[in-house]
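This briefing covers selected local features of one protein model. The points are grouped by topic and can be checked against the coordinates.

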Amino acid sequence: MASSQQNAPAAVRRQKPKPENRDESELLTVPDGWKEPAFSKEDNPRGLLEESSFATLFPKYREAYLKECWPLVQKALNEHHVNATLDLIEGSMTVCTTKKTFDPYIIIRARDLIKLLARSVSFEQAVRILQDDVACDIIKIGSLVRNKERFVKRRQRLIGPKGSTLKVRKVVLDTMKNIHPIYNIKTLMIKRELAKDSELRSQSWERFLPQFKHKNVNKRKEPKKKTTKKEYTPFPPPQPESQIDKELASGEYFLKSSQKKRQKMEAIKAKQAEALSKRQEERNKAFIPPKEKPVVKPKEASTETKIDVATIKEKVKKAKSKKLGALTAEEVKLKMEADEKKKKKKK
């Protein structure tokens with residue numbers, strides 16, 4: 001009994017201290033700079049039980065680019081023990097796991113990689129999907145708007161400078177529903193500023209965010225053909241003439257079948273002749289020369305504005321003789337005389 005009583009305080013001492021009462025908001029928030037540890041082979045040493053594979057088609061114009069960058073794709077996937085094959089005959093790309101593959105989610109990232117490459121994304125950008133902190137989202141907007149003109153206008157709102165596009169699903173879908181992206185961009189900017197404040201992280205942001213109401217203004221379109229109501233009359237409208245009445249009035253009713261046929265043929269020939277003449281006129285239009293502009297005679301120069309050719313020639317001669325650094329005629333004579341005197345002295 002004594003021994004049990006002596007051991008009791010030791011057991012009490014070994015108990016772990018109870019954690020202090022912490023705020024729940026601190027437990028829910030992720031600390032700044034925290035990153036999830038990378039998935040290594042030690043987490044799954046036995047590997048995968050079965051082989052998984054994905055394939056996707058690519059358009060013909062991407063064949064040349066994929067052929068060039070495919071060795072880089074294989075090198076990036078081999079680091080994660082995933083095989084990649086490019087079939088140029090069928091126009092498809094395939095990725096599959098191997099016995100050495102230990103990450104079960106890498107095949108999904110490899111599938112996204114070949115999907116991005118098939119959708120005209122460069123290899124440098126697409127290979128980032130293999131990182132743990134990078135994700136992608138392919139938004140299909142082709143079937144959201146029926147009218148092609150409206151589709152092109154709304155899609156143009158998403159495309160920014162140098163082909164950069166907005167990469168938020170909600171913004172893209174709202175834009176295709178005729179909600180301008182500037183409204184969503186404003187809310188995102190406000191949220192980014194609010195996230196910097198540590199006190200407002202655990203509070204509701206609805207009072208700070210702008211609430212834009214979608215105004216659906218119904219513009220009633222006027223019909224192309226406006227029908228005007230006629231004045232009411234108690235009498236019924238006159239009965240239209242039948243075909244027999246028209247033939248009786250024109251006298252065709254009493255003609256023989258051969259004469260009727262002859263009249264029809266003549267009417268057909270007359271129409272054909274008119275069509276031929278119109279067609280010939282249109283063809284002849286190409287051979288009609290355009291109207292020439294009337295030739296304007298040059299006006300005679302007045303006596304005041306006449307140019308004196310002789311004076312211009314003299315000026316040109318003087319300019320030619322006066323070159324840069326050239327001596328005048330008097331200076332040349334003096335130089336020649338000085339040279340002759342020097343020669344005489346030497347003799």
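In this predicted model, helix 7 spans residues 169-176, and its buried residues are V171, V172, D174, T175 and M176. Those buried residues pack against two other helices, helix 6 (148-158) and helix 8 (181-196). After helix 7 comes N178, which has a positive phi near 70°.

- Three strands form an open sheet in the order 1-3-2, and the pairing is antiparallel.
- Strand 1 and strand 2 are the edge strands, each pairing on one side only.
- From one strand to the next, the twist averages 15°.
- Strand 1 and strand 3 run antiparallel and are joined by 5 bridges.
- Within that pairing, A55 has T94 of strand 3 as its bridge partner.
- The antiparallel pairing of strand 2 with strand 3 extends over 6 bridges.
- N83 is bridged to C96 in strand 3.
- The hairpin of strand 2 and strand 3 has 4 residues between the strands, and G91 in this hairpin takes a positive phi near 75°.
- As a general point, side chains in a regular strand alternate between the two faces of the sheet.

**Helices lying across the sheet**

- Helix 3 lies across strand 2 and strand 3, and runs at about 165° to strand 2.
- Helix 4 lies across strand 1, strand 2 and strand 3, and its direction is at about 170° to that of strand 3.

**Helix 4 and its cover**

- Helix 4 takes in residues 106-118, which is 13 residues.
- The distance from the first C-alpha of helix 4 to its last is 19 Å, close to the 18 Å expected at 1.5 Å a residue.
- The buried set in helix 4 consists of I106, I107, I108, R109, A110, D112, L113, I114, L116, L117 and A118.
- The cover over these buried residues includes strand 1 (53-57), strand 2 (82-87) and strand 3 (92-97).
- Helix 3 (63-78) and helix 5 (123-126) are also among the elements that cover the buried residues of helix 4.
- In an α-helix there are 3.6 residues a turn, so residues three or four places apart point the same way.
- The charged end of R111 sits over the ring of F54, at 5.4 Å from the ring centre.

**Positive phi at residues other than glycine**

- Most residues other than glycine have a negative phi.
- H81 is not a glycine, yet its phi is positive, at about 60°.
- H81 is located in the loop between helix 3 and strand 2.
- The relative accessible area of H81 is 26%, so this residue counts as partly exposed.
- S120 is not a glycine either, and has a positive phi of about 65°.
- With a relative accessible area of 40%, S120 is partly exposed.

**Aromatic pairs**

- How many aromatic pairs are there? The count comes to 2, taking ring centres within 6.5 Å as the cut-off.
- F39 and F102 form a stacked pair, with 6.4 Å from centre to centre and 10° between the planes.
- F39 lies in the loop between helix 2 (24-28) and strand 1, while F102 lies in the loop between strand 3 and helix 4, so the pair ties together parts that are 63 residues apart in sequence.
- F39 is partly exposed, with a relative accessible area of 36%.
- F102 is buried, with a relative accessible area of 16%.
- Y253 and F254 form an edge-to-face pair, with 5.6 Å from centre to centre and 90° between the planes.
- Y253 is partly exposed, with a relative accessible area of 44%.
- F254 counts as exposed because its relative accessibility is 64%, and the cut-off for exposed is over 50%.

Methods:
Residues numbered from 1 in each chain as written. Predicted model: local features only at pLDDT ≥ 70, side-chain atom pairs only at ≥ 80, totals over all residues. Heavy atoms only, no water. Expected span 1.5 Å × (residues − 1). Buried < 20%, exposed > 50% of the residue type's maximum accessible area, 1.4 Å probe, protein only. Contact = heavy atoms within 4.5 Å. Pairing = 2+ DSSP bridges. Axes fitted to C-alpha atoms, helices over the stretch in contact; angles between N-to-C directions. Phe/Tyr/Trp six-rings, centres within 6.5 Å; stacked < 30°, edge-to-face > 60°. Lys NZ or Arg CZ within 6 Å of the ring centre and 35° of its normal.
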